[in-house]
Amino acid sequence: MSRTAILFSGLGIAAAVVGLAVAWLWLAASTSIGDDSAATIAVGKTLYADRCASCHGANLEGHPDWKSPLPSGRLPAPPHNASGHTWHHPDGVLFRITREGPAGVVGGGYQSDMPGFGNVMSDEEIRAVLTFIKSTWPERERQYQAEMSRWEREANQ
């Protein structure tokens, strides 16, 4: 095999590796909740204050005694800080719960006081709110949630 053929083969392989790396990074970015830039977090914080804080608390603390059903039988709004369970869920589940409402995701006649926000906020706004919430978690919770989201993406490929 000539040196030219070897050189072109090597360049072809290198281009394929770079192309796959770029495609992987693009896929990871497009399937995650959103970027974690300061601007996105600021937008998410404002939207959270406007749309979510009245039930989930200004400091993401949730309703007092959030694990006990209300007289209606429905569960109160849980916290979104590290004391709650939001960080246990992968990105796709958090997005769907916010967009469709818990009843829309759980199904089976489940009832919730939380509406879906898909008619009120754009997908980008929902992602910004979730990015803000995630930005408040300690590193351990963020790492756990990121791993859950990675598993979710792999399962959906």
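Asp-123 is partly exposed, with a relative accessible area of 26%. This report starts from that residue and moves through a predicted model.

**Salt bridges**

Asp-123 pairs with Arg-99 through a side-chain salt bridge of 2.8 Å, N to O. Asp-123 belongs to helix H6 and Arg-99 to helix H4, so the bridge ties together parts that are 24 residues apart in sequence. Arg-99 is partly exposed as well, at a relative accessible area of 36%.

A second bridge involves the side chains of Lys-134 and Asp-91, 2.9 Å from N to O. Here too one partner, Lys-134, sits in helix H6, while Asp-91 sits in helix H4 (residues 91-100), so this pair ties together parts 43 residues apart in sequence. Lys-134 is buried, with 18% relative accessible area. Asp-91 is buried too, at 4%. The cut-off for buried is under 20%.

Why can such side chains pair at all? Side chains of opposite charge can do so when their charged atoms come close.

Glu-141 and Arg-140 form another salt bridge, with 2.9 Å between the closest N and O atoms. Glu-147, Arg-150 and Glu-154 are also joined, by salt bridges that share partners, into one network. Across the whole structure, the search finds eight salt bridges.

**Helix H4 against helix H7**

Two packed helices are described by the angle between their axes and the distance between those axes. For H4 and helix H7 (residues 139-155), the angle is about 90° and the axes are 7 Å apart. That makes H4 roughly perpendicular to H7. Which residues meet where these helices pack? From H4 come Asp-91, Gly-92, Val-93 and Leu-94. From H7 come Gln-145, Ser-149, Glu-152 and Arg-153.

**Helix H2**

Helix H2 covers residues 38-51, 14 residues in total. At 1.5 Å a residue it should span 20 Å, and its end C-alpha atoms are 20 Å apart, so the two values agree. Its buried residues are Thr-40, Gly-44, Leu-47 and Tyr-48. Seen down the axis of H2, they fall within an arc of 105°, so they line one face of the helix. The face turned away from that buried side carries exposed residues: Ala-38, Ala-39, Lys-45 and Asp-50. What covers the buried residues of H2? The cover includes helix H3 (53-56) and helix H6 (123-135).

**Two residues with positive phi**

The loop between H3 and H4 holds Leu-60. Asp-65 has its place in that loop too. Leu-60 is not a glycine, yet its phi is positive, at about 65°. Asp-65 is not a glycine either, and its positive phi is about 55°. Are they buried or exposed? Leu-60 counts as buried, and Asp-65 counts as exposed.

**Accessibility by residue**

| Residue | Relative accessible area | Class |
|---|---|---|
| Leu-60 | 5% | buried |
| Lys-134 | 18% | buried |
| Asp-123 | 26% | partly exposed |
| Arg-99 | 36% | partly exposed |
| Asp-65 | 58% | exposed |

Notes: Residues are numbered from 1 along each chain as its sequence is written. This is a predicted model: local features need pLDDT of at least 70, side-chain atom pairs count only at pLDDT 80 or more; totals for chains, interfaces and linings use all residues. Side-chain values use heavy atoms; hydrogens and water are left out. Helices (H or I, at least four residues) and strands (E, at least two) are DSSP runs, numbered from the N terminus. The expected span of a helix is 1.5 Å times one less than its number of residues. Buried means under 20% relative accessible area, exposed over 50%, partly exposed in between (1.4 Å probe, protein chains only). The arc is that of the directions from the helix axis to the C-beta atoms. Contact means heavy atoms within 4.5 Å. A salt bridge is a side-chain nitrogen of Lys or Arg within 4 Å of a carboxyl oxygen of Asp or Glu. Axes are lines fitted to C-alpha atoms, for helices over the stretch in contact, and angles run from 0 to 180 degrees between N-to-C directions. Angles under 35 degrees count as roughly parallel, over 145 as roughly antiparallel, 65 to 115 as roughly perpendicular and the rest as oblique.
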